[in-house]
Amino acid sequence: MANKGELLLEMNKVAKRFGGAIALKGTDLKIRAGEIHALLGENGAGKSTMLKILAGVHDNDGGTIKLGSKDFLTGSPQQSIAQGIAVIYQEPSLFLDLSLAENVFIGRQPKKGAVIDWKFAQTESARLFKELGVELDPKRQARGLSIADQQVVEIAKALSMNANIILMDEPTAALSASEVERLMTVMKSLKAANKAVIFVSHRLDEVFAISDYITVMRDGATVSENPVGDTNLQKVIKDMVGRELTDLFPKTEHKIGEVVLEVNDLTNPAYFRNISFKVKKGEIVALAGLVGSGRSEVARAIFGIDKYESGAVKVKGEILPAGSPVLAMKRKIAFIPEDRRQQGLFMVAGVNRNISMESFDSLTDRGLINFKKEKSLTDIWRDKLSIKFVNQADPVDRLSGGNQQKTVLAKWLATDPDLLIVDEPTRGIDVATKAEVHRLVDKAAGEGKAVLMISSELPEVLGMADRIIVMREGRQVAELSRAEATQEKIIAAATTGKKSA
Amino acid sequence: MNFLRRLKPSSREASLALILIVAVGGTGLINPRFLTGDGTRDLFTSTSVVALLAIGIAPIVIMRHIDLSISSTVGLTAWVVADFCAKNPDFTWVQCFIIGPVIGIAVGILNGLLVAGLRLPSLVVTLGTLYIVRGVVYVVSNSVDYNAQEMPPSLLDLGQKVFFGVMPLTFLLVIIAMLLMGFFMKYTKAGRDAYAIGSNPPAADLVGIKVFRRTFLAFVFSGFMAGLAGVFYLMRFAQVDSTAFYGQELAVVAAVVIGGVTIMGGSGTVVGAVIGALLVQTIQGGLAALGVDAFWKAAVNGLLLIIAIYADRVLAVRSEKSLLAQRIKERV
């Protein structure tokens, strides 16, 4: 067991290139026992590459890495695990068919003679879950666990292998506020046990709330490393972006016009009940609430992906029949889902094909696609949204998260919708691109589109929305105007259902 | 017995066994001979080759791979073993049980290196080796067939050996292999790693599972079992030509899937695979007893396969729903 403050990991001028592309060109990082260390940087700054080197997925081609006084041995995930490094990936890498106990001990199953000691695996997992404050049944299958609980299993796994250094890649990206709180408690207890926690996050409020040190990376190199007390939000953002970021929420005033979307008493008992609201031309309405409060389900029902039991959706005064995205699109609704990789994009298809996907009708000549038109459409939207890619046919898989999100936006904006529904539009993208996405959403509203935005990030909700509807456990519990909304009021409504003063 | 209790079947195998019993009973109602010692023995004898292969490929399917080359390997080993015996009259069953598995292992090593070493998709690799190995059979056999008189009497005797009037030696070996493999898959690290690899292949790499070694050895094991099945083939039919066991690979895959091994990997058991093989055979016997034209055999097999997949889907949807309900309840 390391003593508090002891240097556990020291990376010096670490470099890595993939073919011609330089991913890291001189990364320094110092991690001490008993500290929570935030690793910040824009998408593509090299954070993931660095984590993967420590995880044993990649070798570094330059620089030195020391674990305490010993050299770090790169090469394989087994080797990293043996050296006390555990990685919790952004997308939990559990085995859904296996039991939780098995997941905790996978690759290191306890043995009694030649066979696995299941009893020990189960009691030990139960003990770890309890220690982490979440009493999951170790015999239960991993399938069906929430993301937050899956993370708990991952953390239990890290503890069971007695890791000294625990790396977490965007652990809070998919968590609700209460789950984030629970994770922070766990992180603090790891810290108290003199372990080192390195975590990557794009949610800067959390970073300042919990970390002891902040290291900022940009373009594959470390830009700054400071105790949290010696830095501030402005400085960190400046280090990440490389310039002053003037405005994260470039909200402008628009003329609010007639009602575009009217939702009346919409009910699907499994997810939401009696939801009624309106969105007007030029207006941004936010649906706030905890993850799982039914916000996404309402949006999916409006767009016709899921059916609802009763109630009605009207677009420009006319009823929109339920259960048909095709009809919804005909009525000029665009829906940008929260999971861009699974639902928003065709990851192996080119940028051009993705952008033109919903606009085929305008690109065809006598039923056949005119590729010249597709090319110019792609060019137009690349310029409008400053999407960065090399060739139009590059699979979107190769773009950064921010550029992927802009591609989804381009696809739907190209259909010139009257109503734009965006679900978590800035999840997992860096602060500069966030500002850009916000500007684009604001611009869309300025052009007279109605915008319905779902977001779990309160600063985003407060910064962008004209009106805020708060949901809790499937019910609409508060409606706040831009002027009266505060962080406290939204949280109070989202967690207790009561509108506080 | 402690050993048996440890293999405690999941509800999935239990319900399959129940379906099997119903099918056997139903067939027995139409044709009482089916329930006699002779009938049972025939069922076991006719299932043993497919069941042995099912045990061989079950771990591969659990790892989200497939081995289509097995039927060609059965043909190759059966012919080569017969050839060796014809040219060496002093050979007994012992040599057969060595030569067969060795040939099978050789094919398994080839498959394993291509799939695990080069990380090529197993569907395509083993489709390739299916044709290659069968091609080799055509070339080396040069249209020569072998019959009972060229085979070691000791081998054919073993093929006829029956315990208690119902249990042929071949199927007893199948049961032993099933128990050993069932235990191995459930209680050893290698077995559990196989489930992990099939459940989430990229994550298996990240948690430090030796994916290459496990995958390679699974293909070697499947080759070994196919080699053994080639010898079983000779014991049962006492004759072989270059088309022996031609095109039977998908029947084995079907038995495994009917037995509850998910084609997407990560779940299923060896015991289920063997029950699946028995079930397919029983239903064939039942159709014959009903006087259904043998031409319908293939179509019924296909129907059975689709029913099995549908049952899986229904179960999956139901468990998903109950998990969702549980989560909603936990939240409130």
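I looked up Glu170(A) and found it in the loop between β9 (165-169) and α6 (177-192) of chain A. Helices (H or I, at least four residues) and strands (E, at least two) are DSSP runs, numbered from the N terminus. Glu170(A) is not a glycine, yet has a positive phi of about 45°. Buried or exposed? Glu170(A) is buried, with 20 other C-beta atoms within 10 Å. The cut-offs are 20 or more such atoms for buried, 12 or fewer for exposed, and partly exposed in between, with C-beta atoms placed from the backbone.

This is a predicted model, in which local features need pLDDT of at least 70 and side-chain atom pairs count only at pLDDT 80 or more, while totals for chains, interfaces and linings use all residues. Residues are numbered from 1 along each chain as its sequence is written, chains are lettered from A and ligands numbered from 1 in the order in which they are written.

I then checked Asn194(A), in the loop between α6 and β10 (196-200) of chain A. Asn194(A) is not a glycine either and has a positive phi of about 65°. It counts as partly exposed, with 18 C-beta neighbours inside 10 Å.

Next, the sheet. In chain A, 4 strands form an open antiparallel sheet in the order β14-β13-β16-β17. Two strands pair if DSSP finds at least two bridges between them. β14 (272-280) and β17 (318-319) of chain A are the edge strands, each pairing on one side only. β16 (residues 310-315) of chain A and β17(A) are antiparallel over 2 bridges. Which residue of β17(A) stands opposite Val315(A)? I found Glu318(A) there. Helix α9 (residues 295-303) of chain A packs on the sheet and touches β13 (259-268), β14 and β16 of chain A. I noted about 115° between the directions of this helix and β13(A). Axes are lines fitted to C-alpha atoms, for helices over the stretch in contact, and angles run from 0 to 180 degrees between N-to-C directions.

Last, I turned to the chain contacts. I found 20 residues of chain B in contact with 20 residues of chain A; contact needs C-beta atoms, placed from the backbone, within 7 Å. On the side of chain B that touches chain A, α9 (189-199), α10 (201-206) and α14 (297-331) of chain B give two or more residues each. The largest share, 5 residues, comes from α9(B). The model scores ipTM 0.81 and pTM 0.79.

Terms used:
Two residues are in contact if their C-beta atoms, placed from the backbone, lie within 7 Å.
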